[in-house]
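Here is a short report on one protein model. Look over the sequence and the structure first, then read on.

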Amino acid sequence: MRPIRVKMQMIFQDPHNSLNPRRTVGNLIAQPLQIAGYDKAAIAARVAELMGQVGLPPDAAARYPHEFSGGQRQRIGIARALALKPKLVICDEPVSALDVSIRAQVINLLQDLSDQLGVSYLFISHDLTMVQHIANRLIVMYLGRIVETGSAETIWKHPAHPYTQALLAAAPVADLHVMRSRSRFVLEGDLPSPTNLPEGCAFSTRCPFATDLCRQERPILRPMGEGRQSACHYDLVDQLGGAANKSISSFDRKSEGKYKVGARA
């Protein structure tokens with residue numbers, strides 16, 4: 001696993017519990033470098049470089065995690081994750097534990113670092129506003145199963161799976177006129193137990209399009225055009241498209257610009 005760990009790192013959800021309170025910030029950031037065998041001079045130089053990249057002051061190296069705010073602690077976690085110059089960073093709900101006013105700063109920092117360093121993110125989130133702003137490709141999951149995957153722009157505008165449509169329709173919009181005029185896609189039925197999923201499609205108990213085939217046979221991911229795949233027995237793009245075009249009109253992909261507090265989904 002060690003060769004893989006160098007290329008793949010992780011940013012954790014809780015910046016407080018993911019940092020050892022008994023270690024200084026400099027020591028925390030340096031730990032991956034120490035394990036990788038860097039000498040002391042190279043470690044000191046790299047730690048100083050990383051702290052500058054994530055916006056931490058030089059004197060932060062001698063301080064402890066409890067002396068920082070939640071956003072600053074997450075910057076420490078980001079610096080530690082980038083220490084070994086990974087190709088992929090797994091971001092597990094990296095801003096969900098932060099105040100709303102701080103989330104935009106961390107998201108914009110992640111985007112800037114991706115542009116500067118060429119690092120890719122596997123961004124795990126339930127916040128569609130964040131996903132809309134940062135993702136190029138999406139994987140939509142329901143009860144641990146992938147139900148749809150493809151480019152963010154394609155899925156945003158033309159969802160192929162009923163669950164994807166329900167997610168997008170449920171996202172809040174900071175525009176009263178759009179909120180009142182958009183179509184609603186309300187799910188009914190019971191949510192299955194994650195430990196005892198139905199024999200067929202896990203979404204069949206709540207899907208308005210479900211048939212006996214859905215309840216008996218588990219669908220697999222199959223091509224649905226436009227470079228995406230959907231785990232559905234039926235081609236529902238056209239049926240979902242009418243509601244999607246109206247209810248998701250505000251989900252146009254932002255290819256440039258910074259994430260802002262209160263940015264609408």
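## Helix H5

Helix H5 covers residues 100-117, 18 residues in total. The expected span is 1.5 Å times one less than the number of residues. Helices (H or I, at least four residues) and strands (E, at least two) are DSSP runs, numbered from the N terminus. This is a predicted model: local features need pLDDT of at least 70, side-chain atom pairs count only at pLDDT 80 or more, and totals for chains, interfaces and linings use all residues. Residues are numbered from 1 along each chain as its sequence is written, and side-chain values use heavy atoms, with hydrogens and water left out.

Which residues of H5 are buried? They are Ala104, Val106, Ile107, Asn108, Leu109, Leu110, Gln111 and Leu113. Buried means under 20% relative accessible area, exposed over 50%, and partly exposed in between (1.4 Å probe, protein chains only). The cover over these residues includes strands E1 (8-11) and E3 (120-124), along with helices H3 (40-53), H4 (70-82) and H6 (128-134). Gly118 follows H5, and its phi is positive, near 75°.

Side chains alternate along E1. Gln9 and Ile11 point to one face and are buried.

E1 pairs with strand E2 (residues 88-92) in the parallel sense, over four bridges. Two strands pair if DSSP finds at least two bridges between them. Met10 has Ile90 of E2 as its bridge partner.

## The second largest pocket

This pocket has a volume of about 350 Å³. Closest to its centre, among 13 lining residues, are Arg5, Gln9, Pro32, Ile35 and Leu84. On a 1 Å grid over the protein atoms alone, a pocket is an open set of points with protein on both sides within 12 Å along at least five of seven lines; a cavity is a set where a 1.4 Å probe fits but cannot get out; lining residues have an atom within 4 Å of a point. Grid points are joined across faces, edges and corners, and a volume is the space filled by probe spheres set on the points.

Helix H1 (2-7), E1, helix H2 (25-36) and H4 each supply at least two lining residues. H2 gives the largest share, four residues. The lining divides into eight nonpolar, two polar and three charged residues. Here Ala, Val, Leu, Ile, Met, Phe, Trp, Tyr, Cys and Pro count as nonpolar, Asp, Glu, Lys and Arg as charged, and the others, Gly among them, as polar.

Strand E4 (residues 137-142) has a covered face of Leu138, Val140 and Tyr142. Its uncovered face holds Arg137, Ile139 and Met141.

E4 runs antiparallel to strand E5 (residues 145-151), joined by six bridges. Val140 has Glu148 as its bridge partner in E5. Two residues lie between the strands, and Leu143 takes a positive phi near 50°.

How many cavities of 30 Å³ or more does a search of the whole structure find? It finds one. The largest cavity has a volume of about 100 Å³. Of its 15 lining residues, His161, Cys201, Cys207, Cys214 and Cys232 are the closest to its centre. The lining has 12 nonpolar residues, three polar and no charged.

Pro162 is found in helix H8 (residues 162-170). Pro162 counts as buried because its relative accessibility is 1%. Its C-alpha atom is separated by 6.7 Å from that of Cys207, 45 residues apart along the chain. Beyond neighbours within four places in sequence, Pro162 is in contact (heavy atoms within 4.5 Å) with Phe185, Phe203, Cys207, Phe209, Leu236 and Leu240.
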